[in-house]
Amino acid sequence: KKLMHMYAQHFNLNLLPFENVPDPLFFYDQGDHARIRKQISGSLQSGRGLIVVTGPIGSGKTTLSQMIKSDFPEDIKVIWMAEPPANSSDLYLFLAQELGLQPTSSEKTFVMRDIRNALLKINSEGKKCLVIMDESHLMSEDVVNGIRLLNNLEEGSTKLIQLLLLGQEELMEMINKPEMAPFKQRIAALETLGKMNVDRVLKYITHRIQVAGGAPNMISDTGWEALSIAFSSGGTPRTINSLCDRSFNVAYERDKPIIDAQDVYEATQRMGLVTDVFHYIILLNNRERKKQESLQVAQQVTDSAVPETAPPPPLVKEKSVSSITKKIEQKNRVANNQTPEIPEISGAKIDVSEKSYDDIAKTIKAKYEQKGLMVPATLLVLLMIAFMLSVWFFCHRTDSEGFLGCLMDLLSF
């Protein structure tokens, strides 16, 4: 916590922008959250009764319920349940205590009577009672039946109690069972919170930074691109908050003024998130390397640039003159029907006097072919020697009588 407060000071923020707590101040009133909030608030004001909201872990269900509480700060009695009770009896006793009742009996019938009377009094004062049950996907069948009975408490056409059930996707699976049809028919509003798409994710991050007193340019262009890649398949508020919080921490630890792609990548590694940010980092590194190489080449060209002047005449070496002289003499010999000199090949001189150039070529080719046959001939001789030694060694070891006897033993072997 101290480190996080220090990073808020480092970036000149008034608040920590990405804490995973249901703070209405940071509520993102856009998309599904805004729509469902409006739907639930309307249902509560009209007294429609049972409302169910489902969504994946960390999708903002609890924060949404906190916003609904803030929408009716004065005329609503809110009873919060962090998780469902074990059975319907515990449910009724808990509600009775929250309403300030002291039931004389734990029998359901008498407890329900006392709860009804308390709700009638609240409604007569122009107020409402809202029961919010989180983790509703953990409800037993007995608790579900207890919720159904509470939803049946009415005065004319007005529901005496408003029920808001928040749960994960398993709650929807439970409600869709055939035996739950009577319960599902009594649901006034059924909403689902999904993941935010990439565009919503970036707007959500910007919103929280601005609420905390910062600006979007606290994250560099590569940082925003890395976040887009990390949440390319969508994201929930809890995961988004966690990754951004880690990214800010990484940048603070490195004493950097802004958050870039490297910080986001390091944050994904610390959280164990599998994303494509790694490939984006490789792409950035390749771009940087090519940029540096281009700068080096440009610098070398600049350093090697010289004024345009006529180049000095080349110096003619004595060896070059001699070579040219020899070529001229050779041409003269050919013109005068003289035989040119042929270099030695493999240390043997070739007599080319009074022969045409075709005969010279055939002679050179024959010499090369003779040289090429030396290797296989040598290998053949070595193999024959090895065979003879093998036969002699075999005869010696077998103590055969005579050379023919040795051959007979060898063939029979």
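Predicted model: local features only at pLDDT ≥ 70, side-chain atom pairs only at ≥ 80, totals over all residues.
The protein has 413 residues, of which 36% are buried, and its secondary structure comes to 16 helices and seven strands. Among the contacts in the protein with a separation of 6 or more, 68% are made by residues 24 or more positions apart. The accessible surface of the protein is about 25500 Å², and carbon and sulfur atoms account for 55% of that surface.

In soluble globular proteins, nonpolar side chains tend to be buried together. In this model the largest nonpolar core holds 36 residues, and the members that touch the most other members are F11, L13, I205, I219, L227, I240 and F248. At least two residues of this core come from each of the helices α1 (2-10), α9 (198-211), α10 (221-230), α11 (237-253), α12 (261-271) and α13 (277-304), and it is α11 that gives the most, with six residues.

Helix α10 deserves a look of its own. Seven of its ten residues are buried, so α10 is largely enclosed by the rest of the structure. Those buried residues are G223, W224, A226, L227, S228, I229 and A230, and the elements that cover them include α9, α11, α12 and α13.

Aromatic side chains give another view of how separate stretches of the chain meet. A search of the whole structure finds six aromatic pairs, and one of them joins F18 and F248, whose ring centres are 5.6 Å apart and whose planes stand at 55 degrees; the pair is therefore tilted, since an edge-to-face pair would need an angle over 60 degrees. F18 lies in the loop between α1 and α2 (31-45) and F248 in helix α11, so that the pair links distant parts of the chain, 230 residues apart. F18 counts as buried, at 2% relative accessibility, and F248 is buried as well, with a relative accessible area of 1%. Another pair is made by Y28 and Y204, with ring centres 5.7 Å apart and planes at 85 degrees, and for this reason the pair is edge-to-face. Here too distant parts of the chain are linked, with Y28 in the loop between α1 and α2 and Y204 in helix α9, 176 residues apart, and both of these tyrosines, Y28 and Y204, are buried. F18 and F248 also belong, together with Y7 and F11, to one aromatic cluster.

The loop between α11 and α12 contains K256, a lysine that counts as buried because its relative accessibility is 18% and the cut-off for a buried residue is under 20%. Apart from its neighbours within four places in sequence, K256 is in contact with H10, F11, A251, Q262 and D263. D255 lies in this loop between α11 and α12 and is exposed, with a relative accessible area of 60%; its phi is near 55 degrees, a positive value in a residue other than glycine. E135, in the loop between β3 (128-133) and α6 (141-151), also has a positive phi, near 55 degrees, without being a glycine, and E135 is partly exposed, with a relative accessible area of 29%.

Elsewhere, helix α5 (residues 108-124) holds I122, which is buried, with a relative accessible area of 15%. Setting aside residues up to four places away in sequence, I122 touches L99, K127, K128 and C129. The C-alpha atoms of I122 and K77 are 8.4 Å apart in space, while the two residues are 45 residues apart in sequence.

Finally, nonpolar side chains are also found on the surface. V375, L379, V381, L382, I385 and L389 form a nonpolar patch there, and together they have about 570 Å² of accessible area. One of these residues, L389, is placed in helix α15 (residues 357-398) and is exposed, with a relative accessible area of 54%.

Notes:
Residues numbered from 1 in each chain as written. Heavy atoms only, no water. Patch = residues over 30% accessible without salt bridge, like charges linked within 9 Å, V, L, I, M, F, W, Y side chains within 5 Å. Areas by Shrake-Rupley, 256 points an atom, 1.4 Å probe, with all protein chains shown as cover. Salt bridge = Lys/Arg side-chain N within 4 Å of Asp/Glu carboxyl O. Helix = DSSP H or I, 4+ residues; strand = E, 2+ residues; numbered from the N terminus. Buried < 20%, exposed > 50% of the residue type's maximum accessible area, 1.4 Å probe, protein only. Core = buried A, V, L, I, M, F, W, Y, C linked by side-chain atoms within 4.5 Å. Phe/Tyr/Trp six-rings, centres within 6.5 Å; stacked < 30°, edge-to-face > 60°. Contact = heavy atoms within 4.5 Å.
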